[in-house]
Amino acid sequence: MNLSPLAPQGRRPQFTSPALPKAMALSTAEINQISEKLSPHTVSSSHSLSLPFTPSHSPIIGLSPMDDITDLPFRQLCKEMGADLLITEFIASEALNRDAEKSFRKMRFTEEQRPIGIQIFGADEDELLRCLDVVEQAQPDFIDINWGCPVRKVAGKGAGSGILQDIPKMLRITASMVKHAHLPVTVKTRLGYSNDSMMITDFCEALQDTGITALSIHGRTKTQMYSGVADWTMIGAVKNNPRMTIPILGNGDITTAAQVVEYKNRYGVDGVLIGRGAIGNPWIFEQCQRALRGEPEREITVQERVDVCRRHLLAAVRFKGERTAIFEMRKHYGAYFKGLYNFKPFRLALVATPSLEETLAVLESISDHYTQ
Ligand SMILES: Cc1cc2nc3c(=O)[nH]c(=O)nc-3n(C[C@H](O)[C@H](O)[C@H](O)COP(=O)(O)O)c2cc1C
């Protein structure tokens, strides 16, 4: 099979966004509202990154995009805790083209969150090309194409990892996106569609030839979904292919800083993306930066967990409004307070209360109960 991407044909479709202001980065006043001052324990990465990634600062520690999780308030916390790189939740190209309010909100970010990529998905080349204009008006540092999502409503339509059944199409669309975009384009994908199909080691060079500037690989196939364990050896094989020159970011199952050090040493990846391991645990970025500097792990106190959870909640309320924020924060509480003895009554109270005032009171009682 010829894996060279087809030369992209034609011009970028014209599209004028009627919604420019919604897509812009936030004003300083808005940033200040969302971002309270750093606590003395949080660290910001000292890496100065050029766009989109500078491999010399390897490994870069990035927050992996997660739909309905890595929104602006959560990304802000991760950045403050030391994440070097952020990517938005994935956004449907089709929704951007029809000017869907929710999708525009997903593109918003603060200046502090740079370098940041806006991630888009879709199966239709025209649709993806058309949305480039609106994405670029939001002025991210790069555009990330999602060729990795395995969920049926995405992959079943040929988007996300669904495209791994048609590698030539994936290469053609990616090359076309690179050609028409004015910003760097990156790709996040999986190892392949299934163990029987063509794997990333077979097509990574062709993917690089499309002109993408970095490649993130989740070490599972589409059919694996989230079962089993991520196969980092295959990520390492891509990285150690002497013909690969773009930064390779490995992803899958990282929950500790020690793993990051180990994967860096063993596979030489230029960066890692941490997803589920950061939910309720934005400190993982601080721990990773400490470990890479050879410093010991720092214990995170219950009081810190309460404080950061409260900040997350308040930032979410400012960004989305009280009702939505209270509802959406419910998926974070279990992770923030994981491992606390007899936590269940507190968790039940947190997920049942409809008001901000009551939620704050429950958080206060957690602090009282576990820190006396
Ligand atoms: C709730 C959830 C939502 C996700 N949404 C996205 C997404 O929008 N874009 C994407 O590229 N990957 C998405 N992923 C995949 C993660 O970015 C990551 O590749 C995967 O969870 C494996 O990494 P981890 O083991 O560190 O979580 C999502 C994963 C989860 C659990």
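The legends below describe several close-up views of one predicted model.

Because the model is predicted, local features need a pLDDT of at least 70 and side-chain atom pairs count only at pLDDT 80 or more, while totals for chains, interfaces and linings use all residues. Residues are numbered from 1 along each chain as its sequence is written.

**View 1. The protein chain as a whole.** The secondary structure of the protein chain comes to 16 helices and eight strands, where helices (H or I, at least four residues) and strands (E, at least two) are DSSP runs numbered from the N terminus. Of its 372 residues, 48% count as buried, a residue being buried if 20 or more other C-beta atoms, placed from the backbone, lie within 10 Å of its own, exposed if 12 or fewer do, and partly exposed in between. Among contacts in the protein chain between residues at least 6 apart in sequence, 73% join residues at least 24 apart; two residues are in contact if their C-beta atoms, placed from the backbone, lie within 7 Å.

View 2. Eight strands form an open sheet with parallel pairing, in the order 1-8-7-6-5-4-3-2, and two strands pair if DSSP finds at least two bridges between them. The edge strands, each of which pairs on one side only, are strand 1 (60-63) and strand 2 (86-92). Strand 1 pairs with strand 8 (residues 271-274) in the parallel sense over four bridges, with glycine 62 opposite leucine 273 and leucine 63 opposite isoleucine 274. From strand 1, Ile60 and Gly62 point one way and Ile61 and Leu63 the other way, and all are buried.

**View 3. The surroundings of the ligand.** The ligand is surrounded by 21 residues, of which the closest are Ser64, Met66, Phe90, Gly275 and Arg276; a residue is near a molecule if its C-beta atom, placed from the backbone, lies within 6 Å of it. By class, this shell has seven nonpolar, nine polar and five charged residues, with Ala, Val, Leu, Ile, Met, Phe, Trp, Tyr, Cys and Pro counted as nonpolar, Asp, Glu, Lys and Arg as charged, and the others, Gly among them, as polar.

**View 4. Helix 9 against helix 10.** Helix 9 (residues 200-209) and helix 10 (residues 232-239) pack at an angle of about 35 degrees, with their axes 9 Å apart; axes are lines fitted to C-alpha atoms over the stretch in contact, and angles run from 0 to 180 degrees between N-to-C directions. The contact is made by Ile200, Thr201 and Cys204 of helix 9 together with Met234, Ala237 and Val238 of helix 10. By class, this contact has five nonpolar, one polar and no charged residues.

**View 5. Helix 3 and the glycine that follows.** Helix 3 (residues 72-80) is mostly covered, as nine of its nine residues are buried, including Phe74, Arg75 and Glu80. Helix 3 is followed by glycine 82, whose phi is positive, near 115 degrees.

**View 6. Alanine 159 in its loop.** Alanine 159 is found in the loop between helix 7 (152-155) and helix 8 (167-180), and counts as buried because it has 25 C-beta neighbours inside 10 Å. Not counting residues up to four places away in sequence, alanine 159 touches Phe121, Gly122, Ala123 and Val154.
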